[in-house]
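I opened this model to look up its ligand sites first.

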Amino acid sequence: MVGDMPSVTPVTAATQASAGLADRHGRVATDLRVSLTDRCNLRCSYCMPAEGLDWMPTAEVLTDDEVVRLVRIGVESLGITEVRFTGGEPLLRRGLPAIIDAVAGLDPRPEISLTTNALGLTRTAEALAAAGLDRVNVSLDTIRPETFARITRRDRLHDVLDGMAAAQAAGITPVKVNAVLLRGVNDDQAPELLEYCLAHGYQLRFIEQMPLDAQHDWHRGEMVTAEEIFAALESAFVLTAAEEPRGSAPAERFLVDGGPATVGVIASVTRPFCGACDRVRLTADGQVRNCLFAREESDLRTALRAGADDGEIAERWRAAMMTKLPGHGINDPSFLQPARPMSAIGG
Ligand code: SAM
Ligand code: SF4
């Protein structure tokens, strides 16, 4: 095994033909991450610079109808069973309730979820729930206002906390929380964040910081590792491995103080789970990415706008899976960060 490349099982032609979005390494993508915009109203330091980025020109961004069409092809022809909307900040997309409504009307109906910073969720949670949103993941790295302002460069902690409460009140439960720990900034705050989530019935998962920031500032030595996250949590709680097998879920889950509440740790860098990956991504400008860290993309938007029929789009999408690498390679000396940052890929 080279670096973090997991061992792989070759896939037969028969499996490929029958398996929807199969790749060459025995994996089948059923979980589609759709980025609806690269824009954002926060400026998390591990994601983008203070001044923001050069946003995608509007003409290049898929329209609501184009998004729904591609998702429909994924669901009806390619075996997609879960659709997660993300960004940038997906709540900035005005058509979001209508997109969710249309996707909820597909047959078979996929699970529909949203990854969001929760700004604006107080206003939209009810409409999103009514449209068919099943689950929400809110990104929250701290419950201290000054640390929040330092990380996100905006003084909006209250709006985020209110947004989470609104999602819960609208029945989009359980609210999941994604947290990134940064050394010297919030790495001393893991227990209090967990305490807050436990008290509110939210499910917290910590994610190792990945080399996907627009500024290319990520340094392995500064990353707070899963090991360190466990140690910090175990200083305040008793953690025991949750019963269920990890499967393709990236989070390793632990019962907190005997349960039933749990906490998750997503060790994307130090314990990669690429061998069980079931994801594929669609960017806001209509490019299929078979991995967060892929350095190649497949352009569906041009084909779509040139009048390609559903079968041709599906064929291009299937072909895009054939170049999926067995692992993300972060731990290889030759690793190169993808050109697009996380905010333009869809996290
Ligand atoms: N704006 C939304 C949000 O923050 O939830 C959705 C997009 S954001 C790119 C999706 C997730 O990626 C968030 O949970 C965020 O914390 C995470 N993220 C962003 N940059 C990251 C990085 N360099 N390493 C690990 N996670 C990152
Ligand atoms: Fe925006 Fe999400 Fe990136 Fe933070 S992590 S800057 S909320 S896209």
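**Entry 1: polar contacts of ligand 1.** I started at Thr 116, where a polar backbone atom sits 3.2 Å from an oxygen atom of ligand 1. I keep in mind that this is a predicted model. Next I checked Gly 88. One of its backbone N or O atoms lies 3.0 Å from a nitrogen atom of the ligand. Glu 89 makes its contact through the side chain: an N or O atom there is 3.1 Å from a nitrogen atom of ligand 1. I then looked up how much of the ligand is covered. On its own, ligand 1 exposes 540 Å², and the protein buries 95% of that area.

**Entry 2: the shell around ligand 1.** How many residues surround ligand 1? I found 17, and the closest are Tyr 46, Gly 88, Glu 89, Ser 139 and Met 210. I sorted the shell by residue class and got 5 nonpolar, 10 polar and 2 charged. Which strands each supply at least two residues of this shell? I noted strand E5, residues 111-116, and strand E7, residues 176-180.

**Entry 3: ligand 2.** I listed the residues around ligand 2: Cys 40, Leu 42, Cys 44, Cys 47, Met 48, Gly 88 and Asn 117. By class, I count 5 nonpolar and 2 polar in this shell, with no charged residue.

**Entry 4: a helix pair.** I moved on to helix H4, residues 121-131, and helix H6, residues 157-169. Their axes are 8 Å apart, and the packing angle is about 20 degrees. Angles under 35 degrees count as roughly parallel. H4 and H6 are therefore roughly parallel to each other. I also looked up the hand of the crossing, and it is right-handed.

**Entry 5: backbone geometry.** I searched for cis peptide bonds. The bond from Asp 107 to Pro 108 is cis, with omega near 0 degrees. I placed Pro 108 in the loop between helix H3, residues 96-104, and E5. Pro 260 lies in the loop between strand E10, residues 252-256, and strand E11, residues 262-266.

I then checked phi at His 216. The value is near 55 degrees, positive in a residue other than glycine. Where is His 216? I found it in the loop between strand E8, residues 203-207, and helix H8, residues 226-234.

Notes. Residues numbered from 1 in each chain as written. Chains lettered and ligands numbered in written order. Predicted model: local features only at pLDDT ≥ 70, side-chain atom pairs only at ≥ 80, totals over all residues. Heavy atoms only, no water. Near = heavy atom within 4 Å. Polar contact = N/O pair within 3.5 Å; in protein donor to acceptor, adjacent residues only side chain to side chain. Areas by Shrake-Rupley, 256 points an atom, 1.4 Å probe, with all protein chains shown as cover. Helix = DSSP H or I, 4+ residues; strand = E, 2+ residues; numbered from the N terminus. Nonpolar A, V, L, I, M, F, W, Y, C, P; charged D, E, K, R; others polar. Axes fitted to C-alpha atoms, helices over the stretch in contact; angles between N-to-C directions. Parallel < 35°, antiparallel > 145°, perpendicular 65-115°, else oblique. Left-handed = near helix turned anticlockwise from the far one by under 90°.
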